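Subject: Structure handover

Hello,

Here is the structure for your files, with the sequence alongside. My notes on it follow below.

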Amino acid sequence: MSSLLEVSDLKKFYKVDRSLGREKIGSDNRRSRASFLHAVDGVSFSVSESEAVGLVGESGCGKSTLSRLLAKLLDATSGSVRFCGDEIGPIAADSFTENPYRSNIQMVFQDPIDSLNPRFSAFDVIADPLRRLKHTKGQMLDSHVEAAARAVGLPGELLSRFPHQLSGGQLARIGIARAISVNPKLLILDEPTSSLDVSIQAIILKLLDGLRRQTKIAYFFVSHDLNVVRLICDRVLVMYLGIVVEAGPADIIFRIPHHPYTKALISAIPQIDPELREIKLRVDGEPLSPIDVPQDRCRFAERCPFVASKCRLERPPMREVEPAHWVACHFPLGIGRD
Amino acid sequence: MGNAQALLAIDNLSVEFRTRTGLVRALDRVSFDVSAGEIIGVVGESGSGKSVTAYTIAGILDPSAHITSGRIDFQSRDLLKLGGRARRQICGRQLSVIFQHPRIALNQIRPVGLQIEDVVRAHTSLTRAEAQRRAFDMLEAVKIADPQHCMQLYPFQLSGGMCQRIMIAMALSCNPRLLLADEPTTGLDVTTQAVIMDLIQELGKKLGMTAILITHDLALAAERCDRIVVMHAGQVMEIAPTAELFRNPMHPYTRRLGAATPGPVSDISELDIVPGSVPDLRRQNLPPCRYAERCERRIKECDIGPVPRVAVGRDHFVACKRAL
């Protein structure tokens, strides 16, 4: 498999105006230099052709920012993004619509009702990227839209309806049809099922899995639901406070997590089967503030049940502990520690 | 069912909403008991009537709602027959609610400490200083690191998990007998969810509190509840002790719902789906069993006459003419 997307040291900082909410931000607010919120703070990974890579983490860890950077909806502060070998990192999000790669990287948004234009019929929603990016017209347009609708199992008679006339599951299908209508190579899915009931979620997950097998589109799948990620993805990235703390094959990460944070995330998932409930590893408290986050220590140290003095003095580098399994922890679980 | 020890007994409860687009038959003859000291889960998809059930118990239904039949006995008194004043003495004090979106449920322009004091002072005869002390103690009980500082903060200064702790502190501040937790952890991270649920369980045990956990997450209910009520489109489908429900689901809907929930070992090909969707509750011609149109085991009898609830085991009830 060749690399479709290669990301290295990608960063997105937001400048913070300290004159607002001064007392909340921290004790070091007397300093006059500008502060930065480190939303994505040096992330590197790659996605191969037709591979599904999952991204998990708590809210506020930078999942959505990272997915928007990859979708070229946001400008990165620094770092490189190579798509099919070409550097697209520095291209401004505003002008990316003119880029030939625009149709190759498409996104499915989180909330189908909020992300669809209420004045667009289902047909127009799906046709919009075709019209704008491929300049498809007339009968060609009709047949492409119908094909996309068919691919996601949306009955043709629903194409004339507007978002408020459709159910959550149907809207989710339209969101996916819109994204795949221009034959992308990479689909970025930001929590595509989080607003759906389990019964509909199961249908959409099956649809996404089948679609990938048929079309060989690569997925970058963002979710806070680890069970969902495990079902869809080949590989998983675990993100914490702007950085990736663990990356590896999905089935292995779920069975043998090496980072205490990954372990805590997994053991926090409720399980129906009592036999699968393991001893809970609880992490209390909340992540550090992402504003001017310290660079010389482990960011998880404050919440880590296994914290040692080294964790507060030195930033753990990302290292490969097993083939294709990377972890950023001084004392990975199951390796050199019980 | 008629359980003599039941703290709360809901019997034959039907609720309708009169809306511009028609009559919504939100609850259809819902009955279940809650015994003192247990945590009972009410699960179902959206539109199953879980929240309407909770709101009916708490007496906070929308004015467009009409309770067309049934009774809700709380400590052997029918809540539905109580007048406003008598009811307010119970609701909020002996019976309290944790809402789904803590950030919306809390007052945005009042410090959270004062909001807890308001509840305490409305329901007890404590003085201001005593109420303040109680608020402090409650914040400590929900494991907030610096209660004194936290009391002065506004909801927007707190994270979702912290706001939910405030809601719990508020709900438990008057030592309620019954806690209604309506999706208390929806929208929170799994790690925070685990901590918040631990807190509810732990405090519940300590205070001898009974709880109704309303959730769409079958796995969460499986982990936290003693018994589970499965609802669909305003009807109770099945009631059973948790282990029994998952070991031996009798209603086709329960089995489908369980199989549609992604687990840690299953493959996507094993993931089941629930066909169709919840019927429009405004329809005139709703079948007696509202799951019938989605059910693969539907027979002619399903469309004739009401569906009786039958006992199929110890504390295990199912409302299905062709149970598994």
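Over all chains, the count of aromatic pairs comes to nine, where rings of Phe, Tyr and Trp (its six-membered ring) pair if their centres lie within 6.5 Å, and planes under 30 degrees apart count as stacked, over 60 as edge-to-face and the rest as tilted. One of them is the tilted pair of Phe13(A) and Phe36(A), at 6.4 Å centre to centre with 45° between the planes. Phe13(A) is in strand E1 (residues 3-16) of chain A and Phe36(A) in strand E2 (residues 35-48) of chain A, so this pair ties together parts 23 residues apart in sequence.

Before going on, some conventions. This is a predicted model, in which local features need pLDDT of at least 70 and side-chain atom pairs count only at pLDDT 80 or more, while totals for chains, interfaces and linings use all residues. Residues are numbered from 1 along each chain as its sequence is written, chains are lettered from A and ligands numbered from 1 in the order in which they are written, and side-chain values use heavy atoms, with hydrogens and water left out. Helices (H or I, at least four residues) and strands (E, at least two) are DSSP runs, numbered from the N terminus.

Phe13(A) is partly exposed at 22% relative accessibility, and Phe36(A) is partly exposed at 32%; buried means under 20% relative accessible area, exposed over 50%, and partly exposed in between (1.4 Å probe, protein chains only). Phe45(A) and Phe220(A) form a stacked pair, because their ring centres are 5.3 Å apart and their planes are at 15°. Phe45(A) lies in strand E2 of chain A and Phe220(A) in strand E8 (residues 218-222) of chain A, so the pair ties together parts 175 residues apart in sequence. Phe45(A) is buried at 9%, and Phe220(A) is buried at 0%. Ring pairs also link Tyr240(A), Tyr261(A) and Phe300(A) into a cluster.

On to chain B. Lys143(B) sits in the loop between helix H5 (128-141) and helix H6 (147-150) of chain B. Lys143(B) is partly exposed, at 45% relative accessibility. Leaving aside residues up to four places away in sequence, Lys143(B) touches Arg165(B), Leu199(B) and Glu202(B), contact meaning heavy atoms within 4.5 Å. From Lys143(B) to Arg93(B) is 50 residues in sequence and 22 Å in space, C-alpha to C-alpha.

Regards
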